[in-house]
Amino acid sequence: MTVLAAEPRVRIADGLRHTGTLAWRTLVQIKHNPFELLDFSVQPVMFLLLFTYVFGGAIAGSPGDYLAFGLSGIIVQNLLFATLNTGVGLNTDLSKGVFDRLRSLPIARWSPLAGRIVADMIKQAWAVALLLGVGMILGFRVATGPLEVLGTFGLLLVFGMAASWMSVLVAMLVSAPEKVQIFGFVLLFPLTFASNAFAPTDSMPGWLQAWVKVNPVSVLADAIRGLLNGGPVAGPVTQALLWAAALLAVFAPLSVWAFRRRV
Amino acid sequence: MTNAIVAEGLVQRFGDTTALAGVDLAVRTGTVLGLLGPNGAGKTTAVRVLATLLRPDQGHATVGGYDVVREAHQVRRLIGLTGQYASVDETLTGAENLILIGRLLGLPRRDAKARARELLAEFRLDDAADRAAGKFSGGMRRRLDLAASLVGRPRLLFLDEPTTGLDPRSRNEMWDIVRGLVADGVTVLLTTQYLDEADQLADEIVVIDHGRVVATGTSDQLKARTGRQTVTVRPSAEADLDMIVALVRLVAAGPVDATGGVVTAPVTDPGALAHLVRRLDDGGLAVAELALRSPSLDEVFLSLTGRPAPEGVPA
Ligand SMILES: Nc1ncnc2c1ncn2[C@@H]1O[C@H](COP(=O)(O)OP(=O)(O)O)[C@@H](O)[C@H]1O
Ligand SMILES: [Mg+2]
């Protein structure tokens, strides 16, 4: 009896199956809500075109030259803004009661969150591929090889996954999905723009340069530039991975704490 | 007969609010328990504790013999939960919502689809199978929500205010569905603010207020607790009205009303009716109607909580 009293853990294999089902659920939503497609397809491409043709010439001499520098930054910026999807979706589930329904089912406790993160990573991979593809149509050339391109996807997804815990935390703390958006924008605009993602940093004031150097967005953009354009890779990639580890170490436990407090 | 659900001394606090202040209840297997109380009484909190969504601060509960805290996973295998607010995924279609649950419960894709079709037909949602749930009417959404909690054929069902905000027709449909489930042997714990709903569906009623149980019993037992009934007399001839009012006054325990040619008055004496019949007979007064009516649950509610029953304002 005492042996049976302990709650049996859901087997990992079953938990992964639940995660797959819940990821499917998040992806199938796209079919019914074309706005989402707009959100993570049209919007990044629009940003890419605007930056390249409006600022590109002024910053780098010509749109073509700008792409070599700016595409990596635009990919990173899009990655970070897209992490808000995770928080918005999660908060919607919490406020609409879908999360309660899921928690009342005999499934792995972690699968609802894992399912959403997996689905969002798939969307992220799609957006990266799209930006890279459109970039190449506009004249961007990968100076390295397929292995580096694979590394680019890997690094972006690892970083994106770690950063999405920030939006998970916000989702646990605010009462409505729109607030995740607002909070996220206020956080992410300065973070992504006060970096070397879009423009070279030489003309920025000294205090800003000091921040830009350590800003994880700059670090990640440099790592992607190294991977796609050639140039230093080991340093920025290591730093980016350290940043990812730090974000995960801080925001995952905080999110779990906030989640426990909320439900 | 065994108890499917037992709760003892449940206490749940949210900051300064004590949502449950020591709730005891028991639901016999195969019956319907109505948890009746006004908005804010603690009904949803009680359901959330029993459905393993909240850990109680004190007390314990078992569902199907399993402890809701230590054996939460086993409890989840037995129960279906329909929350107070329809918790369907609004961006998925009706069918997809049900398939999702089926897949999560381990049904193969084919079986999950078949079960979804079956439930959609049963709940008259076949037409809406391929429409996004966000476009459903309130009644349809409720039915889909209930269908979602039945995918795994649970033997124990929690329904938190299943008809709040529904129009009378949808409400009647929901009642029929619940009766059907009970006929199939499902044990139901349902919460409601509506006294007539508890009266219609529940075998036993637990009245809670401010997180405390204030009364338990069948609807008849609760009505008897007020110790008050109402006598109604309709004279055959209008001319007799004054005479009859005078006679009723002799047995009445409160003010006598004679509006619309019908005499009504509260009575407490069990022999009042027999007494009245004799007096009418003696006086040679013919009546078209003579009845002794139990108090409505509304009157019971008033006497238990000191407040009138809510007018069906959604929580
Ligand atoms: N998550 C929560 N945080 C703070 N207070 C809560 C929470 N849930 C319920 N309450 C409070 O607990 C009391 C009981 O609420 P509830 O169980 O929802 O009542 P009912 O379902 O009977 O309307 C109310 O005063 C409500 O405001
Ligand atoms: Mg409630």
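1. A word on terms first: rings of Phe, Tyr and Trp (its six-membered ring) pair if their centres lie within 6.5 Å, and planes over 60 degrees apart count as edge-to-face. By this rule, the count comes to eleven aromatic pairs over all chains. Please keep in mind as you read on that this is a predicted model.

2. One pair to look at in chain A joins A:Phe81 and A:Phe185. Their ring centres are 5.3 Å apart and the planes make an angle of 85 degrees, so the pair is edge-to-face.

3. Now to chain B and the ligand. Ligand 1 sits in the second largest pocket. Two elements of chain B give two or more residues each to the shell around ligand 1, namely strand 2 (17–28) and helix 1 (43–50). Helix 1 of chain B gives the most, with three residues.

4. The residues around ligand 1 include B:Phe14, B:Thr17, B:Pro38, B:Asn39 and B:Lys43. By type, the shell holds four nonpolar residues, six polar ones and one charged one.

5. Some polar contacts are worth a look on your screen. A polar side-chain atom of B:Thr44 is 2.7 Å from an oxygen atom of ligand 1. The backbone takes part too: a backbone N or O atom of B:Gly40 lies 2.7 Å from a ligand 1 oxygen, and a polar backbone atom of B:Ala41 is 3.1 Å from an oxygen atom of ligand 1. On its own, ligand 1 has 560 Å² of accessible area, and the protein covers 62% of it.

Terms used: Residues numbered from 1 in each chain as written. Chains lettered and ligands numbered in written order. Predicted model: local features only at pLDDT ≥ 70, side-chain atom pairs only at ≥ 80, totals over all residues. Heavy atoms only, no water. Near = heavy atom within 4 Å. Polar contact = N/O pair within 3.5 Å; in protein donor to acceptor, adjacent residues only side chain to side chain. Areas by Shrake-Rupley, 256 points an atom, 1.4 Å probe, with all protein chains shown as cover. 1 Å grid on protein atoms, 1.4 Å probe; cavity = no way out; pocket = protein on both sides within 12 Å on 5 of 7 lines; lining within 4 Å. Sits in = over half its atoms within 2 Å of the grid points. Helix = DSSP H or I, 4+ residues; strand = E, 2+ residues; numbered from the N terminus. Nonpolar A, V, L, I, M, F, W, Y, C, P; charged D, E, K, R; others polar. Phe/Tyr/Trp six-rings, centres within 6.5 Å; stacked < 30°, edge-to-face > 60°.
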